Amino acid sequence: MDATLRIGIIGLDTSHVTAFTKLLNDPADDNHVPGGRVIAAYPGGSADFPLSMDRVGGFTQELRGQYGVSIMETPEAVAESVDALLLESADGRVHVEQFRAIAPYGKPVFIDKPLALSSREAYEIAELAQQYDIPVMSASALRYSEGLAAALKEADGTMAGADAFGPMHFEPTQPGYYWYGIHSAELLYRAMGAGCREVAVTANGDFDVIAGIWQDGRIGTVRGSRRPGQSFGTTLHTAEGPRLVDVSKDGRPFYASLLVEVMKMFKTGEPGIPLTETLEIIRFLEAANESQATGRRVKL
């Protein structure tokens, strides 16, 4: 439990990899997360996704040059040489393929958001995790906002509803709401918990509103904006009245708060989020995409 874990990264095409590596490998960092060290990585990258291919080279060079991380030729080589894995590829389309490659090694895995870009692929990941008895966790860092955690603790579970909001930019290779919608959906689910039964979308050129109805009758929404300057946050509807949480006011970086939870999972084998809830979030976004395309209410 006290040993320093050897950690590997799959996919070096996102700034998350340098943020996580600095937090783990640099004890002098103000937000250092102890207990692990990134020692190996596989670059990956998607040729048809500019936000992936235009960045993978720079992040690979930084991890190798600044942190001494060994760059390997395959995901399997990384999985074989470490105790735990961060699957960080920015392109959600490759998550299931990369997880297939590393799952047989039996190491705990954090998969950066979104888990997958369809319910079918999300369930395949879950089935592989069960087959190889692997702890798996997936989340947006915003889920662990200090401000949100404090507000939920004060509300003491008496959540009548929640309205999450944030930027809602689209990316052609990542269908519909999966690209930016995952962040606000995670905020909503952190407040509401699992149990949504149906969703309906109202949208125009600037805004999208995803309204979900939970099994117990509660209503939760995601409001996304494509106008500049939109921040992330949520309005919690508690027994004492509504409470606005602006997560941009957190003092601690979101990545550090998330990484603390990931390290707990790596060391204990117990994810802080049930995988069933993450699967529902993927289905929530999938249903929202269906509703946006058809104009109809869609059951989860």
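This is a predicted model: local features need pLDDT of at least 70, side-chain atom pairs count only at pLDDT 80 or more; totals for chains, interfaces and linings use all residues.
User: Which peptide bond, cis or trans, joins K113 and P114, and what is omega?
Analyst: Most peptide bonds are trans. The bond that joins K113 and P114 is cis, and its omega is about -15 degrees.

User: What is the phi of D133, and where does D133 lie?
Analyst: Most residues other than glycine have a negative phi. D133 is not a glycine, yet its phi is positive, at about 55 degrees. As for its place, D133 lies in the loop between α5 and β6 (136-139).

User: Which residues lie nearest the centre of the largest pocket?
Analyst: The space in this pocket comes to about 430 Å³. Its lining is made up of 21 residues. Those nearest the centre are T14, H16, K113, H183 and Y255.

User: Which element gives the largest share of that pocket's lining?
Analyst: Two elements give two or more residues each to the lining of the largest pocket: α2 (50-67) and α8 (254-268). The largest share is 3 residues, and it comes from α8.

User: How do the lining residues of the largest pocket divide by class?
Analyst: Let's count through the classes, starting with the charged residues, of which there are 4. Another 6 are polar, and the nonpolar ones number 11.

User: How is α1 oriented relative to α2?
Analyst: The axes of α1 (residues 16-25) and α2 come within 10 Å and cross at roughly 15 degrees. Angles under 35 degrees count as roughly parallel. Therefore α1 is roughly parallel to α2.

User: Which residues of α2 meet α1?
Analyst: The crossing of these helices is right-handed. On the α1 side, the residues in contact are V17, T18, T21, K22 and N25. By class, the residues of this contact divide into 4 nonpolar, 3 polar and 2 charged. On the α2 side, they are F59, E62, L63 and Y67.

User: How is α6 oriented relative to α7?
Analyst: Helix α6 (residues 146-155) and helix α7 (residues 181-192) have axes that come within 10 Å and cross at roughly 25 degrees. That angle makes α6 and α7 roughly parallel.

User: Which residues of α7 meet α6?
Analyst: Here the crossing is right-handed. From α6, the contact takes in L148, A149 and L152. The contact has 5 nonpolar residues, no polar ones and 1 charged residue. From α7, the residues are L187, R190 and A191.

Methods. Residues are numbered from 1 along each chain as its sequence is written. Side-chain values use heavy atoms; hydrogens and water are left out. On a 1 Å grid over the protein atoms alone, a cavity is a set of points where a 1.4 Å probe fits but cannot get out, and a pocket is an open set with protein on both sides within 12 Å along at least five of seven lines; lining residues have an atom within 4 Å of a point. Grid points are joined across faces, edges and corners, and a volume is the space filled by probe spheres set on the points. Helices (H or I, at least four residues) and strands (E, at least two) are DSSP runs, numbered from the N terminus. Ala, Val, Leu, Ile, Met, Phe, Trp, Tyr, Cys and Pro count as nonpolar, Asp, Glu, Lys and Arg as charged, and the others, Gly among them, as polar. Axes are lines fitted to C-alpha atoms, for helices over the stretch in contact, and angles run from 0 to 180 degrees between N-to-C directions. Angles under 35 degrees count as roughly parallel, over 145 as roughly antiparallel, 65 to 115 as roughly perpendicular and the rest as oblique. A crossing is left-handed if the near helix is turned anticlockwise from the far one by less than a right angle, and right-handed if clockwise. Contact means heavy atoms within 4.5 Å.
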